[in-house]
Amino acid sequence: MGGNDASLRLPSHAEKAVMGRLLGLEVLSPQISWLESEGYRDAAARLRERLFWSTNEALDQLDECDSLNDFLLRLVKDLEAEAANLPGDARRAAIIVVQEFGDLVANFVAAPYDPLSRLINAVARTAMDYYQAYGTAVPPTVWHCTIPVTTFLGGKTGLSFLSDIHLQARTEFVIGETPSARVYIKLCPRWLDAETIAALPRALLHEYIAHVPQGPYLGTRTHPDADDAFAEGWMDYIAHNVHQSALERYGPSEVLADCLILPWTSLYDATAERFFRARRELRDCDPTAAARCEGAAAARQLHDLLRRLPETRGSADDYLYRLSFGINASSLGSLARRRFAAEVRRCLLRASRSDILVTALREWLTGGIRLEDLPARLSV
Amino acid sequence: MLERYKTLGAMLALGEFTVADLAVLSGVGEPTVRTILRRDAEYIEQLGSEPTGRPGGQPVRWRLRSDARERLRGQLGELERLGIGPWLGESHSPAGTLPPGLVAAEDVLLRLVPAAPDFEERA
């Protein structure tokens, strides 16, 4: 399952900075809110700043040869020292928080793991489970030979549509006899904050639901254009629904839910909503946003139709997933998929074409036509 | 006008329906759907009652008349030319304008038709 961990490893100094923030914020992010609610705003700010300062130092020390475990244990001591300098009640509250971080680090040192690698594998497994559960055949090599590649940037970067989420993710199809891909995740250790970490599952789901299993599989796979309403809009709506289902522990896969940080559930949810909204926001400087917006609107409207039709209203999610995964992994090319999204949108906006879509859906539901033949039925 | 448009659109989509089916699909209230069915009775014919397994009145099942489908499509097309719509889910656009989503979808179709004239196109 994309499980080449070597490709996930960052250089030692970057790994320390990233791991320090991943583990540190896992505890500190919800606890800082608690400290602030208890009136210790300054104490909360000082702990966060200390975490960021120490991890930035690790990033700058390229020649430092201590191990990741040594660094994390030192980070606990840094935070303990910061807490010890706080006055009275703030000190007592901060020490509780740092103690929890110390416990997390002790557990990590006893049984090290890579939280990033674990998350990526969980997302990949979730995508595979969904495609399988909804009857969509994807060549096994697509899942097993796809490799995640994590890189880092010393400076600042962000999503093209949401600049304060400091990561980038993209998928590249590998040219070869068997279809596979590389999923590139670029992190900025110096800018890695709680919201960016919370956006990771959603951003990765977009890559593994929309792009990794994309067909057709004959010959070299063609990357969708940035203004592809189906790949970037419709399938992102699907990825968003899968993310929501993971948070609600609903659906055919619980692998991702098991990997998420439980106290972060609201943060994951809020960040995913912001991610999804930002992808669809129209901006002068981003000509591709309109296509993403239209593609997502077509999928949402079809979802709405499936919830209302007598034949599908009991299992609208199932039919939407079955149809979307099937079209994405089909032998239809990018242009046909884009036309399909536009035809669905047209049929759901023009009542004079309402029967064209519903009749085609019914034919597919009753086995009268193959899913791949459904788009052609809409272009009459 | 919009409620009639939505209800007639749902009639065209379903072909056979009860008042409840039309109300669920169109998002229009059942009393309004009944009124529209009475006024536009020329498009439909009664199929019979639908058993519910419960005591009380049984909902009537209707069918779009086979000779009325294209007339209804034409009627809906006329309403669309007046800027009525959309029929499912979205808020109404200002009178006399096309929904922006429809403009975008039809623009994509116009641009992509020359690029891939055959819908059976495979990559």
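## Two domains in chain A

Domain bounds here come from an automatic or database domain assignment. Keep in mind that this is a predicted model. For chain A, the assignment gives domain 1 as 11–110 and domain 2 as 117–377. Their C-alpha centres sit 35 Å apart.

So much for the overall layout; now for where the two domains touch. Domain 1 of chain A puts twelve residues into the contact, and domain 2 of chain A puts in ten. On the domain 1 side, the elements giving two or more residues are helix H1 (12–37) and helix H2 (41–60) of chain A. H1(A) has the largest share of that side, with nine residues. By class, the domain 1 side has seven nonpolar, three polar and two charged residues.

## A helix pair in chain A

Next up are helix H11 (residues 289–308) and helix H13 (residues 334–349) of chain A, which pack at an angle of about 55 degrees with their axes 9 Å apart. Because of that angle, H11(A) counts as oblique to H13(A). The crossing of the two helices is left-handed.

Which residues of H11(A) and H13(A) make the contact? From H11(A) come A:Glu294, A:Gly295, A:Ala297, A:Ala298, A:Gln301, A:Leu302 and A:Leu305. H13(A) answers with A:Ala341, A:Val344, A:Arg345 and A:Leu348. Sorted by class, the residues of this contact are seven nonpolar, two polar and two charged.

## Chain B on its own

Chain B has five helices and three strands. Reading from the N terminus, its elements go α-β-α-α-β-β-α-α.

How many of the residues of chain B count as buried? The figure is 32% of the 123 residues in chain B.

## Where chain B meets chain A

Between the chains, 35 residues of chain B are in contact with 35 residues of chain A. Several helices of chain B take part: helix H1 (2–14), helix H2 (19–26), helix H4 (69–81) and helix H5 (100–115) each supply at least two residues of the side that touches chain A.

Which helix gives the most to that side of chain B? H5(B) does, with nine residues. In terms of residue class, the side of chain B touching chain A divides into 22 nonpolar, six polar and seven charged residues.

Notes: Residues numbered from 1 in each chain as written. Chains lettered and ligands numbered in written order. Predicted model: local features only at pLDDT ≥ 70, side-chain atom pairs only at ≥ 80, totals over all residues. Axes fitted to C-alpha atoms, helices over the stretch in contact; angles between N-to-C directions. Helix = DSSP H or I, 4+ residues; strand = E, 2+ residues; numbered from the N terminus. Parallel < 35°, antiparallel > 145°, perpendicular 65-115°, else oblique. Left-handed = near helix turned anticlockwise from the far one by under 90°. Contact = placed C-beta atoms within 7 Å. Nonpolar A, V, L, I, M, F, W, Y, C, P; charged D, E, K, R; others polar. Buried ≥ 20, exposed ≤ 12 C-beta atoms within 10 Å, placed from the backbone.
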